[in-house]
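Here is a friendly briefing on one model, arranged by topic. Please keep the viewer open as you read.

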Amino acid sequence: MNLLHQGGFMMWPLLVLSIASLAITAERFTAFTTRRFPTPTALAPILETVRTSGWDAALEELESLAPTYLPFFSALFSDLPIQTKEQQIQQVGDDILFSFRRRLDFLATVATTAPLIGLLGTVLGMIDAFSRLSASGNVDITMLAGGIWQALLTTAAGLSVAIPALLAHRWFCRQHEKVAFAMQHTTNAFLHQPR
């Protein structure tokens, strides 16, 4: 609380951004780590089930293995004509990927704006420090150094909020790409398997 007070009023928006960023990071981390796309090793028995027992039995196995992707596999296993099936797979895949991208834009915004808010706080603090120095009438290096020290707190706080948000955003984007690649790879494998 002391640092918040010393850094000035620009520390409060940074505190709000840090709390929101932390909450979204935790929520997205849970979403990405608990809704992983099945690995090729896990999908191999499913493919065998499709060959031996049909699509319905395979979907029952997938319901417990990867419930998030059940609409995707339902579209993949449907008896629709190939063009209609591909359109349906694309639509369902886009919906799933969109759900994974939810709130990632906020993290990108925090990573961009937090340093700017911190810099603004520093500039305002420097203006205040030089204004007080000018008003005092004498050059007191202690007063100037104290003002600069307090002003730089907001820059440090802005970077402390932005760097974790940026790292989290990059990691989530990479996980999003992995899910997209896995769905594309699985689609190709299932659509071109021998019947």
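**Aromatic rings, pockets and helices**

One aromatic cluster takes in Phe29, Phe32, Phe37, Tyr69, Phe72, Phe73, Phe77, Phe100, Trp171 and Phe172. The model is predicted, so local features need pLDDT of at least 70 and side-chain atom pairs count only at pLDDT 80 or more, while totals for chains, interfaces and linings use all residues. Residues are numbered from 1 along each chain as its sequence is written, and side-chain values use heavy atoms, with hydrogens and water left out.

**Aromatic pairs**

- There are ten aromatic pairs in the structure; rings of Phe, Tyr and Trp (its six-membered ring) pair if their centres lie within 6.5 Å, and planes under 30 degrees apart count as stacked, over 60 as edge-to-face and the rest as tilted.
- Phe37 and Tyr69 make an edge-to-face pair, at 4.9 Å centre to centre with 80° between the planes.
- This pair links distant parts of the chain, 32 residues apart: Phe37 is in the loop between H2 and H3, and Tyr69 is in the loop between helix H4 (55-65) and helix H5 (70-77). Helices here are DSSP runs (H or I, at least four residues), numbered from the N terminus.
- Phe37 and Tyr69 are both buried, where buried means under 20% relative accessible area, exposed over 50% and partly exposed in between (1.4 Å probe, protein chains only).
- Trp171 and Phe172 also pair edge-to-face, with 5.5 Å centre to centre and 70° between the planes.
- Trp171 counts as partly exposed because its relative accessibility is 34%, whereas Phe172 is buried, with a relative accessible area of 1%.

**The largest pocket**

- The largest pocket holds about 510 Å³ of space. A pocket is an open set of points on a 1 Å grid over the protein atoms alone, where a 1.4 Å probe fits, with protein on both sides within 12 Å along at least five of seven lines; lining residues have an atom within 4 Å of a point. Grid points are joined across faces, edges and corners, and a volume is the space filled by probe spheres set on the points.
- Its lining has 26 residues, and Phe37, Pro38, Thr39, Pro40 and Ala182 lie nearest the centre.
- Helix H2 (11-34), helix H3 (40-53) and helix H8 (141-191) each supply at least two lining residues, and H8 gives the most, with nine.
- By class, the lining has 17 nonpolar, six polar and three charged residues; Ala, Val, Leu, Ile, Met, Phe, Trp, Tyr, Cys and Pro count as nonpolar, Asp, Glu, Lys and Arg as charged, and the others, Gly among them, as polar.

**The second largest pocket**

- The second largest pocket has a volume of about 240 Å³.
- Of its 13 lining residues, Ile89, Gln90, Met183, Gln184 and Thr187 lie nearest the centre.
- Helix H6 (82-101) and H8 are the elements that give two or more residues to this lining.
- Six nonpolar, five polar and two charged residues make up the lining of the second largest pocket.

- Buried residues in H2 include Met11, Leu14, Arg28 and Phe32.
- Gln175 lies in helix H8 and counts as buried because its relative accessibility is 8%.
- Leaving aside neighbours within four places in sequence, Gln175 is in contact (heavy atoms within 4.5 Å) with Phe32 and Arg36.
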